Number of protein chains: 4
Amino acid sequence: MLVVMTAAATKEEVAAVTERIESLGLKAHPIPGAQRVAIGITGNTGALNPALFENLPGVLEVIPVSHPYKLVSRETKPEDTLVRVGGVPIGAGHFVVIAGPCSVETHEQTAAIAQAVRAAGANVLRGGAFKPRTSPYAFQGLGKRGLEILQEVGRHVGMPVVSEALDEASLELVVEHCDMIQIGARNMQNYSLLKYCGRANKPVLLKRGMAATIEELLMAAEYILSEGNYQVVLCERGIRTFADHTRNTLDLAAVVAVQRLSHLPIIVDPSHGTGKRHKVVPMARAAAAVGADGLMIEVHHEPSRALSDGLQALLPQELAQLIQQLPALLPLTGRHLIRELSATA
Amino acid sequence: MLVVMTAAATKEEVAAVTERIESLGLKAHPIPGAQRVAIGITGNTGALNPALFENLPGVLEVIPVSHPYKLVSRETKPEDTLVRVGGVPIGAGHFVVIAGPCSVETHEQTAAIAQAVRAAGANVLRGGAFKPRTSPYAFQGLGKRGLEILQEVGRHVGMPVVSEALDEASLELVVEHCDMIQIGARNMQNYSLLKYCGRANKPVLLKRGMAATIEELLMAAEYILSEGNYQVVLCERGIRTFADHTRNTLDLAAVVAVQRLSHLPIIVDPSHGTGKRHKVVPMARAAAAVGADGLMIEVHHEPSRALSDGLQALLPQELAQLIQQLPALLPLTGRHLIRELSATA
Amino acid sequence: MLVVMTAAATKEEVAAVTERIESLGLKAHPIPGAQRVAIGITGNTGALNPALFENLPGVLEVIPVSHPYKLVSRETKPEDTLVRVGGVPIGAGHFVVIAGPCSVETHEQTAAIAQAVRAAGANVLRGGAFKPRTSPYAFQGLGKRGLEILQEVGRHVGMPVVSEALDEASLELVVEHCDMIQIGARNMQNYSLLKYCGRANKPVLLKRGMAATIEELLMAAEYILSEGNYQVVLCERGIRTFADHTRNTLDLAAVVAVQRLSHLPIIVDPSHGTGKRHKVVPMARAAAAVGADGLMIEVHHEPSRALSDGLQALLPQELAQLIQQLPALLPLTGRHLIRELSATA
Amino acid sequence: MLVVMTAAATKEEVAAVTERIESLGLKAHPIPGAQRVAIGITGNTGALNPALFENLPGVLEVIPVSHPYKLVSRETKPEDTLVRVGGVPIGAGHFVVIAGPCSVETHEQTAAIAQAVRAAGANVLRGGAFKPRTSPYAFQGLGKRGLEILQEVGRHVGMPVVSEALDEASLELVVEHCDMIQIGARNMQNYSLLKYCGRANKPVLLKRGMAATIEELLMAAEYILSEGNYQVVLCERGIRTFADHTRNTLDLAAVVAVQRLSHLPIIVDPSHGTGKRHKVVPMARAAAAVGADGLMIEVHHEPSRALSDGLQALLPQELAQLIQQLPALLPLTGRHLIRELSATA
């Protein structure tokens, strides 16, 4: 249920509604909008009587929310959410390019790639320190040392950084060293981890699971928002199908579906979504054309020597060429590259 | 196996190689290229000895073709194939827009939609007369009368027309009345029908089956080429997956995969590929951005009254807006709208 | 819509209802049941008024059918349908074993395999003469000569025979030489071919398409029944999924689903359903345990020399061992092996 | 790599090989077999030289393991693994029936269901206390109190108990109160949780993820074994496909695939694998017929009042009828019901 306040409602009136909600043993989620405040109610096990709230001062209307997700829904918040990662805005028209190596391998490798993607026009630096590898015997990432390298390099080149957390322990380290927490596809329904993200004070990049429907993706995000963290960016990265010409099947229509149902930004990862370098740039262009709010791309300056996923990594110059094509595409969907950062670098 | 002739090879030398091939009980497929002629050999059950051909006059080299498809392969013919439908070129840089109603319903309806899509900038008129409907009790199309209407309307507005054939009988009618034969997803592995197409003197639009791999799509095209008809355009129209937010999952990376492996043009059908009107335009833009050679889009001037698939039909003005966005996109992939037709209309 | 007659209704009363239906331009399908006759009505484009029929003499009730399929529905005919192939009953408790080579290769090969599967306890002989091969260059079957061999061998060993038809021409030959027409997965939605089957006077074995839902399978069968041929056996043979340890994923729950919705028998093909010999016997046992009405299994006496699909063919002794296990399984689902034939051999 | 000792090798010789392995910075996994001891080596990043080990006393041979999984492989350990849960043996011929409610709701409900499934012949009691629910607002289980109820009820009826762990905290509680740890499909690639399981001293029931290949399932198990816990039972519970007549598509051929590749037991969960009560018993029979090592089935005495998944729960009498059918099926695959427990109850 959603309590929508009038445009003229005072802080005190909002507080009074919140108190009424909490007095019923429920949880109140005030959601500031451009024109008005809405207050989401969660924690109820059955339907609530709108009369409980609709006569309180400052209340415009009480809306039963028909989707199983509430806080992530456009019914609840019609305007696009803007997420800020370090100084970088994502969503609400701002198209972000997140790029970097699959894994942080060494300070030198990370710095070289960071400078290259920075020069190419990327806005946020990615790099894995805790790697969810199918085999227990594969390179598992540098762990804490990897995050420290990422942080140092990010500061040096002037880019906020994002890295994946796998569990509570790595989440704490990611929160300490990074500007954004990434939750990978394999953990999209690791609800315990999602709840920890919901209590963290950093924005979250949540990737769609390989077998997840759009509703399941939004419900996973709802776990994070329901704990109080509204700074969530979704990411389409391909689903499992019978098609064998790509590692996964990138489901670009998911971008359109999410944007109708939710106010959260959604970006696309064509690197994992295809698993093949020669398909990354065309599918990245397609993602921009469909209306995504950004891209996340793996880049390596020496792909053949990468410790993980080298076959799908772009060369820095390929990323640069891609980014040069974006200004022709983005206006078609009312989006633009993030210039602020580039301007000051 | 492929016999590649030198650039200077004479017609007589090509004929001599062809004779040698046929004298062995095999089939020769001379494939003229920009620089040279290559001659595909089919019909062999085992490996052939290259020595049989490589010392004949005018032969540059003899290449064993490693894919199970031969004639559709880029190994066999490196340059893009240009297919001509009426006066409209498709492929090799020419980006086609095929549009029209799902079904031909009446002369008035077809004429109204044809004029609208013509004005919007479409190049080829589509319209179903023989409809493969899941239910035997659903509207099955107007049959022969539908083709006659389509032909009349096409001539009147000055657009070549394409319609689907379901079997030998309807194929003969489509060949008689239309400029291009469409083979639908459900018949992609109807090899008997494919062979009939291979003997028809009209270009073929072959749609990918809902569970077909790229290799299977190319092998289906190979059935057509192996019978002598090299004028084939492929079409990605979505695959069956668990994802339930669209009717099918449009696999845009298939465009990239096909273009690496084959010289045939490939277009995208976002209408069937999504099944939802609000997703058609974004996915059409994405198809153009990924590098497709064209679009096939269902349009209806009164979608709510359409006898079939009204939920996915664009309004004519939506098509017009889409086509207006294409000039910004197509240069990114070295393609351009087909102007010839528009210029003379 | 379904007109259900009273148990005491006379032939004349049934005829009068049929005439009324036809006088409205609709098609009547009298369906004799154990207790009563029901008359299915097809051909209507909108809802019919029950009052048109419910006051005619002998009419018990008029039932609107809620599924898009009518004649195949258990609503229309609650009792199991018994299909007869030559002298062999399938369904309604009779569990059939159809076995034989993937392709008819020679008279000797076919005879050797036929005698072996006959001795092992199989009831119907299968063998492909028209093969739908992915590649136009693969062995396409012996055609008419293959059907003649199959017919001769079947007569000699005393087994009815089934073979696949691909189009109208091959269907005529299959009807002439065989006891049952097989429609393969790739042609499940070749509606033109299904209609031809509906007008043939031989029972039909209809295989589920690789991407077909249960509703689509039943609708495909409805095409056959709606033309007047009620002798249809369905076949689950695996669907396309991401799972790569089998060629297809055998969906055994489809047997339960079909049996709830339809009165038609359904058998299972574990040969194509797994594509791997070592999985055929376990999955055949599972099919019997789930309640299938029979099995269709590829057998070859020299699998390594088979011209097609040798990797999935059982040896005759493996088939014999499987059939010996069935009597322990079948009573659990109220089914039994077909003994009549074996007894007289 | 695998070092296989002779049958006559002494403990000291095994210890000497182990020391050599560890002296190289690698991890040694001695795996006792019926005839001989094998020692798995993990932790190497590249290929090892067999000469490092093959001349040590007591070494029979040194085998490079070709699969990416080592410890779970039949190459490493040819004999079936027997897992013991409380007093109940699973695998190596012992067919287990795990049954109980989806969720522990109250002591009374759990006790009523436990007594009923015990009487029906089940061997292990299941019950969820920490529930991974798609919605954050759905019933999440009773937590610690649920485990206490499950433990009390299990002791009272004389059945070992299994419950799902979602993270490190709930894992510790499950280890404290239960006889077996369940890892659900959504966490199959939660590698952090798998490693914790590998260090726990309780057997683990690992469910296949909805989009996991067989290799990924075995690699997930390898994570557990590589940490030292060899008591792992796998569970097929259905995969995500386009098929919509069941909640998931139960992939029974996976049982055959796993048993060829691995020595670990594998059971089947037809409750989640179908999501529909009327399909549970037929698919349970099919699982037994295919050769599974057991079943895991949700049972509720009042399904319409269940707090979760009531639509797929069997009634106790349905479970009893199913178990009565198993003795006819299990000998076909060399398996038998576990009688020890029943005998002493």
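1. Basis of the model. The model is predicted, so local features require pLDDT of at least 70 and side-chain atom pairs count only at pLDDT 80 or more, whereas totals for chains, interfaces and linings use all residues. Residues are numbered from 1 along each chain as its sequence is written, and chains are lettered from A and ligands numbered from 1 in the order in which they are written.

2. Domains of chain A. Chain A comprises domain 1 (2–63) and domain 2 (83–344), with bounds taken from an automatic or database domain assignment. The C-alpha centres of these two domains of chain A are 35 Å apart.

3. Contact of chains A and B. Chain B and chain A each contribute 34 residues to their contact; two residues are in contact if their C-beta atoms, placed from the backbone, lie within 7 Å. On the side of chain B that touches chain A, two or more residues come from each of helix 8 (253–261), helix 10 (277–290) and helix 11 (316–329) of chain B. Helix 10 of chain B gives the most, with 9 residues. Helices (H or I, at least four residues) and strands (E, at least two) are DSSP runs, numbered from the N terminus.

4. Contact of chains C and D. Here 34 residues of chain D meet 34 residues of chain C. The side of chain D that touches chain C draws two or more residues from each of helix 7 (253–261), helix 9 (277–290) and helix 10 (316–329) of chain D. Helix 9 of chain D supplies the largest share, 9 residues.

5. Strand 3 of chain B. Strand 1 (residues 2–5) of chain B runs antiparallel to strand 3 of chain B, joined by 3 bridges; strands pair if DSSP finds at least two bridges between them. Strand 2 (residues 27–32) of chain B also pairs with strand 3 of chain B in the antiparallel sense, over 6 bridges. A38(B) in strand 3 is the bridge partner of V4(B) and stands opposite I31(B).
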